[in-house]
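Please read this report alongside the model. It goes through helices, loops and a surface patch in turn.

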Amino acid sequence: MGKVNLALREKFIRDGYALFRGVLEPELVESLQAWSDGVLEQQDEAHFARNRTTGSMVLIDWAMAYRYDALAELIAHRRVLAAVAELGFAEPKFGHGRIISKPPQSPPLFWHEDGRFWGDPVSYTWQPIQCFLMYYLTDTDARNGCLRVIPGSHRKRHALHDQAAPMHTDELRTYANPGDAAFQRAEGEVDVPVEAGDLVMGYGRLFHASHANLSDERRTVLTMWYYPHFVDLPERTQATIFSLERGNGETGTGPSTGLQARLEPLRIVYEGSAEPIATQWAPGPALA
Ligand SMILES: O=C(O)CCC(=O)C(=O)O
C-alpha cells in the first residue's frame, strides 16, 4: 500500500469528507460523459418526474461495469485506489453506484444523509462503513448545482437529524414543497465546488445536498458507493453489507477480460454465519 497521509486521514475522519484534485484523465471523463448521456437517454419521462431534485437516479451495478470499459476503469482506477489508500484504507470494496444528473434549470437537492447502518454500533464510531466517491463530469459551482456538505455531521447530531419529515420521501424527490427545511440553508454548511475529474470522498452518513442547477448545461455526478474499511469491520457489519449488495454484484459470468479481472479484488464477499443487522435510516440517541 502507498503511504498513508496522516494529516489528511485525520481531517477526513473529523470533517467526514476529502477532496482529491485531478484524479481522472480528461479522456476518461469524456468517455463517462458520453456513456452516462446514452444511459440517461434511455430513461422515460416518469423517471425524471419522480426524481426532480436529484435529476435522475439510475443504478450502476456490476453487470454494467462488465459491459462498459469506462465504468470498469473508473471503479478500479489506480489513482482512485491510491487516494483511498492515502486515507489509510488499503482494501476497499465496491458495492454499486448511481447516475445523478441535474438537467439545466433544475431545483436544489434536499439535505439528506445516506446512512442505512444506524442499527449498527459502528455507525457511532470514527469507522466509515459506506462511503461515497463522487465524480462530477463538469466543473461545478454554486450556480450549476455543486455539492454542499455539513462537516462533522457524520459524528455529531445536527438539527436536521431531528427534523419531523423523514429523508428521501417522494415529496422531497419531486420538490412538492420548496419551503421545506431540507431545501434551505443549514447551520455549518459549506460548498464543495470541483473541477471535472476531481474526486470527493465522504462518509455516507454525512449530511449533504446540492444547489439548484441554474445553468443551461446538464450537471452529472457519478456517485460510487465503496466500503473502504470492509476487511476491518466486525463480522455482523460485513454480513449486513454483503446481504445488501449481493444483488448488485451479479454478473452472470466470471471476469473474461483483464479489465474485468481488475474489479475482482473489489468484490464484497462474506462467507461466515453472522446475522445481518436490520437496516435503519435514522440515528438513535447514541448520536449526541
Ligand atoms: O447531486 C449531487 O450533487 C449529490 C448527489 C447525492 O446526494 C448522492 O449521491 O447521495
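Helices (H or I, at least four residues) and strands (E, at least two) are DSSP runs, numbered from the N terminus. This is a predicted model: local features need pLDDT of at least 70, side-chain atom pairs count only at pLDDT 80 or more, and totals for chains, interfaces and linings use all residues. Residues are numbered from 1 along each chain as its sequence is written, and side-chain values use heavy atoms, with hydrogens and water left out.

## Helix α1

Just after α1, G16 has a positive phi of about 95 degrees. The helix itself covers residues 6-15. Its buried residues are L8, R9, F12, I13 and D15. Buried means under 20% relative accessible area, exposed over 50%, and partly exposed in between (1.4 Å probe, protein chains only).

An α-helix has 3.6 residues a turn, so residues three or four places apart point the same way. The buried residues of α1 pack against β1, α6, β5 and β8. Contact means heavy atoms within 4.5 Å.

## Helix α6

Helix α6 spans residues 78-86. V80, A83, V84 and A85 are buried there. Their packing partners are β1 (17-20), α5 (69-75), β5 (131-136) and β8.

## Two buried loop residues

P228 sits in the loop between β10 (219-227) and α8 (235-245). Why does P228 count as buried? Its relative accessible area is 2%. Not counting residues up to four places away in sequence, P228 touches V84, F89, E91, P92, P128, I129, C131 and M201. P228 and M201 are 27 residues apart in sequence, and 10 Å apart in space, C-alpha to C-alpha.

T140 belongs to the loop between β5 and β6 (147-149). It is buried because its relative accessible area is 6%. Neighbours within four places in sequence aside, T140 contacts C146, V192, P193, V194 and R219.

## A negative surface patch

D139, D141, D191 and E195 form a patch of negative charge on the surface. Patches are made of residues with over 30% relative accessible area and no salt bridge, with like charges joined within 9 Å and nonpolar side chains (Val, Leu, Ile, Met, Phe, Trp, Tyr) within 5 Å. A salt bridge is a side-chain nitrogen of Lys or Arg within 4 Å of a carboxyl oxygen of Asp or Glu.

E195 lies in the loop between β7 (190-192) and β8 (199-203). E195 counts as partly exposed because its relative accessibility is 48%.

Note on methods: Accessible areas come from the Shrake-Rupley method with a 1.4 Å probe; for residues, only the protein chains shown count as cover. Lys and Arg count as positive and Asp and Glu as negative; His and the chain ends are not counted. The place of a charge is taken as NZ of Lys, CZ of Arg, CG of Asp or CD of Glu.
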